[in-house]
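Q: Could you take me on a close look at one part of this model, residue by residue? I would like to know where it sits and what surrounds it.

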Amino acid sequence: MVDITHAQLADGREIIYFDDQPHPDRVLDDARDIPTVAPASEMRRDPLTGDWVAFAAHRMNRTFLPPAHENPLAPTRPDQLPTEIPSPSYDVVVFENRFPSFSTAATIAEPDRDELLGMVPRLPAHARCEVVCFSEDPTLSFRDLAESRIRTVIEAWAHRTAALSAIDGVQQVFPFENRGKEIGVTLQHPHGQIYSYPFLSPRLRSIVDSVRAYGGDLFQDLLDGEREAGDRIIAETQYFTIFVPAAAKWPLEAMVLPNEDVPDFSALSEAQRAVLARVLKKLYSAVDRFFEGVEKTPYIASWTQAPVDPELRSGIRMHLQLFSLMRSPNRMKYLAGSESAQGVWINDTTPERIAARFREVWDA
């Protein structure tokens, strides 16, 4: 059972507590005197690719690797600097990003001239970005969370997926986590983010196109094929299969896919959520055993969910891609000419080798 409490921060942003245990010391009032940030978020569409690009100039001076005593994601406690979280304790907390890439308050000035004769549409980046704090303990990582706490995080993801999907114009909801300075993390506290997009990301747009062109159940046939091949399967449960994609781009990559047609977190049953918590605990722990001598593997955990539009949701299953840019202990894969310029990946290993290593460390 998770208790959900809504409140507001001093500048009007929403904050939501997800509690799996009592917090009699809960403080909801944010006593800070902080200015309201006016998000200058806009987006423009590339006329050559059709991709939308977001611009958020107000993020240039956001918090960057602060010292421990200035951690904005820590709980606010006596004789310490106030943080983004007024309460002196919490389990899982979600709040609107102070420096969002997308915002429901986004506005742009009228262009002085026609943007390339109408070839480059320019619109406010109207959506919402949220921060998800996994624990009040700044020393932990996702792998360190108890299964019960991971279950609370899943509840938060489900709750926010439903809420963000209801925002007018939002087309996709994207929960994710970046870990490690090598990835570009600017706050070391264990946390993730949820972006809602007013368009489909290139990845999801491609998936929609592939599902429509396939003429069958693409995700089920993919899963059946991986099970038959077997050599890329890491583990199987009643509700989820964990495997390395046959066309994996990254030196470490794993996918978690529901065994049934589940479009997003809000559609997961109670039983599926409980099993997913156990799966994620084992997967994230295995990631940190993957490279010998590396205690914390830098990674990106990316949840792709079905589009919000009912006409585009059919046949698309939610799934996790967890991958690392590390190609060997403390050596990173850099996206150079082929990957960055043309989007053509060249992997330094094979999916079968990645899966074999995962199986070695899965139950270690």
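A: Happy to! Helices and strands here are DSSP runs, numbered from the N terminus. Please keep in mind that this is a predicted model. With that numbering, Phe265 is found in the loop that runs between strand 12 (252-258) and helix 4 (270-287).

Is Phe265 buried or exposed? Its relative accessible area is 0%, so Phe265 is buried, the cut-off being under 20%. Leaving aside residues up to four places away in sequence, Phe265 touches Ile154, Trp157, Ala158, Thr161, Pro175, Arg273, Leu276, Trp303, Gln305 and Met318.

How many disulfides does the structure hold? The count is zero. A disulfide needs two cysteine sulfur atoms within 2.5 Å. The closest cysteine sulfur to that of Cys129 belongs to Cys133 and is 15 Å away, which is too far for a bond. Likewise, Cys133 is in no disulfide, with the sulfur of Cys129 as its nearest cysteine sulfur. Cys129 counts as buried because its relative accessibility is 2%, and Cys133 counts as buried at 0%.

Conventions. Residues are numbered from 1 along each chain as its sequence is written. This is a predicted model: local features need pLDDT of at least 70, side-chain atom pairs count only at pLDDT 80 or more; totals for chains, interfaces and linings use all residues. Side-chain values use heavy atoms; hydrogens and water are left out. Buried means under 20% relative accessible area, exposed over 50%, partly exposed in between (1.4 Å probe, protein chains only). Helices (H or I, at least four residues) and strands (E, at least two) are DSSP runs, numbered from the N terminus. Contact means heavy atoms within 4.5 Å.
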